[in-house]
Amino acid sequence: MNAILKPTPHTTLVSLRQLNKHYGDFTAVDNLSLEIQDGEFLTFLGSSGSGKSTTLSMLAGFETPSSGEIEVAGRSLVNVPPHKRDIGMVFQRYSLFPHMSVRDNIAFPLAIRKLPAAERDKRVNAMLKLVQLEAFAHRRPAQLSGGQQQRVAIARALVYEPRILLMDEPLGALDKKLREDLQDELRHLHRRLGITIVYVTHDQEEAMRLSQRIAIFSHGKVVGLGSGVELYQNPPNAFVASFLGNSNFLQATATGNAGAVFEGQPVSIRPQAQTGSQQPLLLMVRPEKALALSQAAAAATPLPPGWNEVAATVSEVLFLGESQTCSAVTAGGTALTVKALSASGMALTPGEAVRVRWAAGDACVYTEWAAADLKKG
Ligand code: ADP
Ligand code: MG
């Protein structure tokens, strides 16, 4: 057997176990457990206040957990001070030393660790090359653009070769184009260096672009963990479905045997969905998996086996360049967003009766959810 073809087993580098952080009677991080793999790019994604930065700060050592355990490579970190954790950190505010040159900023962590000058210069030169700032080594931070300053901050965090790099919304202050360029750079940097990166953002597109895995945060908990594709295509719960991208939610009642009733009408559901008869169900269909047809088109196109169809009334049709969206409402008042329009779809007009179709296999089925999960954010 060819050893090269064997998948490398993932080894856990960081374990967060039943981590809690309370501020008075407020719980910022709530019994959070998470394993971070050696060498992965993991992103904490969640809305503001969901506990991302607090969790990262506990890992960095700037905050002390109220309870719980943090281990890196099997060793407890709880009583280890930040500078002894072998962890580099980059914040949204670059926090460079304004009076120092780029070179001295990058050299700073080595100077305080008292590395010999020759070794220090060698490493700083390598970092300047890595972040492509060799020509700017003698400038001061104020003489650099925001993106260049952030590259200095990244170089400074990497220069002492930490095993783990933590980044808290590092690109948040930059404009969109620059942010995307730096996202590409970061992805390449991660690939070249092979270090473990834990990244915090509230921007789902950024999380998708950068990460191998994403941990979705809500109210101090991780409520979804997986690759962007996994989380988008098969969200573990309605909150993640609604948080990541757009979703249609249809409230139905199970009838048993891969069936349900939606607004009085039978629909098929995934055969693998475990449901009891009469159980309330939530079906989730992504807009690009739902198809809208005019009455005439629906009459001319038989419903394929395993597909569902409901009647609705068009409320709006939007042309968005690379995609188009039809909003419609069912007789029972369920709002639907449809991105797969049939050839005649663009001719749909507000007020028109349409048929909305989806394949049963494309609808996720949830048996537990909260009303708040169905709202964005
Ligand atoms: P995020 O980074 O996801 O936006 P944070 O981890 O910064 O969220 O904060 C989580 C929650 O904890 C927020 O509601 C925040 O107000 C609260 N919090 C954070 N730090 C403190 C503090 N030092 N004192 C009191 N509450 C705090
Ligand atoms: Mg934060």
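**Ground rules.** I number residues from 1 along each chain as its sequence is written, with chains lettered from A and ligands numbered from 1 in the order in which they are written. Since I am reading a predicted model, local features need pLDDT of at least 70 and side-chain atom pairs count only at pLDDT 80 or more, while totals for chains, interfaces and linings use all residues; side-chain values use heavy atoms, with hydrogens and water left out.

**Entry 1, ligand 1.** I looked up what surrounds ligand 1 and found Y23, F26, A28, S47, S48, G49, S50, G51, K52, S53 and T54 (a residue counts if one of its heavy atoms lies within 4 Å). By class, I have three nonpolar, seven polar and one charged residues in this shell (nonpolar is Ala, Val, Leu, Ile, Met, Phe, Trp, Tyr, Cys and Pro; charged is Asp, Glu, Lys and Arg; the others, Gly among them, are polar).

Next I checked polar contacts (pairs of N or O atoms within 3.5 Å). The side chain of T54 has an N or O atom 2.5 Å from an oxygen atom of ligand 1. For S53, a polar side-chain atom sits 2.8 Å from an oxygen atom of the ligand. Y23 places a polar side-chain atom 3.4 Å from a nitrogen atom of ligand 1. On its own, ligand 1 has 560 Å² of accessible area, and the protein covers 60% of it (Shrake-Rupley method, 1.4 Å probe).

I then asked which elements give two or more residues to this shell: they are β2 (26-37) and α1 (52-60) (DSSP runs, with helices H or I of at least four residues and strands E of at least two, numbered from the N terminus). α1 gives the most, with three residues.

Among the buried ones I noted K52 and T54.

A pocket here is an open set of points on a 1 Å grid where a 1.4 Å probe fits, with protein on both sides within 12 Å along at least five of seven lines; lining residues have an atom within 4 Å of a point. Of the 20 lining residues, M89, P109, R113, R156 and Y160 are the closest to the centre. I count 15 nonpolar, three polar and two charged residues in the lining. β6 gives the most, with four residues.

Terms used: A polar contact is a pair of N or O atoms within 3.5 Å; within protein, one must be able to donate a hydrogen and the other to accept it, and residues adjacent in sequence count only if both atoms are side-chain atoms. Buried means under 20% relative accessible area, exposed over 50%, partly exposed in between (1.4 Å probe, protein chains only).
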